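Here are a few worked exercises on helix geometry and packing. Have your viewer ready, try each task, and then follow the solution.

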Amino acid sequence: MLEKLMITSRTTEVDSVASRTISSYQGSTLNTDPNMVKIFSPLQEKSTLLSAAINRLKGKSEQKANDDIRDEKIDGLNFLLLSFSHHPDAAIKNAAINLLELFENYGLKMKEAGYSTESSLVNSLLGDYAQPEAVADIALVPQCAEYIAALQTAQTNFENTRLGFEEARATEGTFENASDLKKEVLDIVNKKLVPYLNVMEQLDEPTYGAFSRTIATIIADNNEVVKKRRKKEEPEE
């Protein structure tokens, strides 16, 4: 007999179970059963939407992580220039002061701006540092070129994931969120598919037995992972 999919499963786990279940169904001969069609049509629809919602969340998470890295490189460059602006060597000191003055045209407040505005400010700063006079100063300040290169890399990485974030932000108000979709998929699996297969396996084992056992294994494997995780998270008495 099939057990129900644990409601404490993670969203990605529910998505995986749904995808594997649908794949098994598509490879079976049960698509001639009208009741199975009634179950799997909405399951396929909700599974597709759930996968899309998870991808949107992933895009937002990657964008935030890349922004944090970019902010870290901004801080690093600022600290470097501040340090060398007090260097005993006059040439290094003056070069650092010149570069710091360019930096202060934007300031650390650029990190507090929105993603698009911060990108514009960082690109403008990098453009200023690409000018001949600035390039000459950069060559005099130890490690400055490396710090600026690191900021450029962080900015490039941010921009490479920006499109995915913008698409996620544009669509998140249009589509159902992942939590709601997870619940809908769980309801279809636990309230429709599992009860139906438990009955039909008893009534017609030759037709439904193999498929039912496959789905039982998919669900059981997932639930075992959830149970093990829960045991690890339980505090010691």
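**Exercise 1.** Find which backbone nitrogen a side-chain oxygen of Asp33 reaches at the start of helix 2.

Solution. Start with the ground rules: this is a predicted model, where local features need pLDDT of at least 70 and side-chain atom pairs count only at pLDDT 80 or more, while totals for chains, interfaces and linings use all residues. Residues are numbered from 1 along each chain as its sequence is written, and side-chain values use heavy atoms, with hydrogens and water left out. Helices are DSSP runs (H or I, at least four residues), numbered from the N terminus. Now look at the start of helix 2: the side-chain oxygen of Asp33 comes to within 2.8 Å of the backbone nitrogen of Asn35.

**Exercise 2.** Compare the reach of helix 2 with its expected span.

Solution. Helix 2 has 51 residues.

**Exercise 3.** Describe how helix 2 packs against helix 7.

Solution. First take the angle: helix 2 and helix 7 (residues 178–203) pack at about 155°, with axes 9 Å apart. Axes are lines fitted to C-alpha atoms over the stretch in contact, and angles run from 0 to 180 degrees between N-to-C directions. Helix 2 is therefore roughly antiparallel to helix 7 (angles under 35 degrees count as roughly parallel, over 145 as roughly antiparallel, 65 to 115 as roughly perpendicular and the rest as oblique). Next, list the contact (heavy atoms within 4.5 Å): among the residues that meet are Met36, Phe40 and Leu43 in helix 2, and Leu181, Val185 and Ile188 in helix 7. Finally, sort the residues of this contact: 17 are nonpolar, two polar and four charged.

**Exercise 4.** Work out how helix 1 lies relative to helix 2.

Solution. Helix 1 (residues 11–26) packs on helix 2 (residues 34–84) at about 140°, with the axes 9 Å apart. That angle makes helix 1 oblique to helix 2. Contributors to the contact include Val14, Ala18 and Ile22 of helix 1, with Phe40, Leu43 and Leu50 of helix 2.

**Exercise 5.** Locate Gln143 and inspect its phi.

Solution. Gln143 sits in the loop between helix 5 (132–140) and helix 6 (144–171). Its phi is near 70°, a positive value in a residue other than glycine. Most residues other than glycine have a negative phi.

**Exercise 6.** Characterise the packing of helix 3 and helix 5.

Solution. The axes of helix 3 (residues 90–104) and helix 5 come within 8 Å and cross at roughly 130°. Helix 3 is therefore oblique to helix 5.

Methods
Helix = DSSP H or I, 4+ residues; strand = E, 2+ residues; numbered from the N terminus. Expected span 1.5 Å × (residues − 1). Polar contact = N/O pair within 3.5 Å; in protein donor to acceptor, adjacent residues only side chain to side chain. Nonpolar A, V, L, I, M, F, W, Y, C, P; charged D, E, K, R; others polar.
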